[in-house]
Amino acid sequence: MNAASSLQHSVVDGFAARFGEAPDSLWSAPGRVNLIGEHTDYNDGFVLPFAIDRRTVMAVRRRDDRVIRIATSFAPETVEIALDDISPATVSGWSAYPLGMVWGATEFGSVLDAAFGFDAYLESDIPVGAGLSSSAALESVFGLAITELWSLGYDRQSIARIGQFNENQVVGAPTGIMDQSASLLGEQDSVVLLDCRSLDASVIPLGLSDSGLTIAVIDTKVAHEHATGGYAARRASCELGAQLLGVTSLRDLTVDDLPRASRELDDETFRRVRHVITENERVLETVRTLRDQGATAIGPLLDASHVSMRDDFEISVPELDLAVTTAQQHGAIGARMTGGGFGGSAIAVIPAAKVEALRTATLAAFAAAGFGAPDVFTVTPTRGATREPLSY
Ligand code: GAF
């Protein structure tokens, strides 16, 4: 049995153990890795993430009333709430990610007169706090399920927008729209080019296996927290930079604007702005490179992205820098931290044959630096959120 189907079996069994009956539908949504394009989403820019083969799976059984009960393997409690009572004031903790989607849907105009309650049970093999969007997967799986079960009529981009709205308004993290988009729009062996201004998305084949390459994730185990601190400060710097330069968002600037930005901004704000402007260009260059030359040629762009995040945006940490340099020294064609930063994971595009050596070298380098042991594993671009067959 592969990991995905064993997770599905476990969720079906877990549902029966919690609720005493079998589920009647099954849903799943993946985490994501961002290949390139960091902190560009909330600046109306470009991102290039993909959905990974680590998923959150949710088993559901319809009820005759308007109550939702939701439980998971990673928390002991079963949360019970009438769907009409869900609001930012009534949900908290892990269940705010899924349940907040109900309130989000009403804020997006849904009338829930025909909605029915259900019991739901979730399990996931996306590591929490690793910067691989376990929270977006919770929102996406629940958002897709209520969209289909209650016939709400949302397309996937709209579910992603509700997920971002939920995260901003209910959970309280000032994040952009990349993670939910990747979880909902991902396709097998492909990356998703998302224009975060228009929300136009195109799926671009990555072609890794044709080149003998794979993507290794190095989870530093340094926990990040988006609801507080550095992420919000970086977003505020970007908004300040855009305001001082007289544009709606940093998307409206190009490298030609950098000399003026350097004259008009303080050094720190200028470096934040330079990261976003150059990162947007790197995303588009990565897409051109993938189309014209293939995955073997994208390494320098990933390396440059990491330097920009380390030196200009200042969102890396020593563990991420060590993961990146170790990967670069042990056969990666390119490596960078991925996600919001301040911890979480780095990625390395590397020949599949060199992954074991990379794991050994990374564990040794972290031990020598006195850091806790990281996790090193590979990921494959996979399909986005889906209804799963319930065939057992
Ligand atoms: C986090 C956020 F949730 C995303 O919206 C994005 O801003 C990312 O950090 C940085 O690129 O994952």
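Predicted model: local features only at pLDDT ≥ 70, side-chain atom pairs only at ≥ 80, totals over all residues.
Me: What makes Val 324 count as buried?

Reply: A residue is called buried if 20 or more other C-beta atoms lie within 10 Å of its own. Val 324 has 26 C-beta neighbours inside 10 Å, and therefore Val 324 counts as buried. This residue is found in helix H10, residues 318-329.

Me: Which residues does Val 324 touch, not counting residues up to four places away in sequence?

Reply: Two residues are in contact if their C-beta atoms lie within 7 Å. On that basis, Val 324 touches His 306, Ala 335, Arg 336, Met 337 and Ala 346.

Me: Why is the ligand said to lie between domain 1 and domain 2?

Reply: The domain assignment of the protein gives domain 1 (3-204 + 382-388) and domain 2 (207-379). Both domains give residues to the shell around the ligand, so the ligand lies between them. The shell has 12 residues, and the closest are Glu 38, Thr 175, Gly 176, Met 178 and Gly 340.

Me: What is the shell around the ligand like by class?

Reply: Two residues of the shell are nonpolar, seven are polar and three are charged.

Me: How many residues from domain 1 and domain 2 does the contact take?

Reply: The C-alpha centres of domain 1 and domain 2 lie 25 Å apart. The contact takes 31 residues from domain 1 and 36 residues from domain 2. On the side of domain 1 that touches domain 2, strand E3 (49-62) supplies the largest share, three residues. The residues of that side divide into 16 nonpolar, 10 polar and five charged.

Notes: Residues numbered from 1 in each chain as written. Near = placed C-beta within 6 Å. Nonpolar A, V, L, I, M, F, W, Y, C, P; charged D, E, K, R; others polar. Domains from an automatic or database assignment. Helix = DSSP H or I, 4+ residues; strand = E, 2+ residues; numbered from the N terminus. Buried ≥ 20, exposed ≤ 12 C-beta atoms within 10 Å, placed from the backbone.
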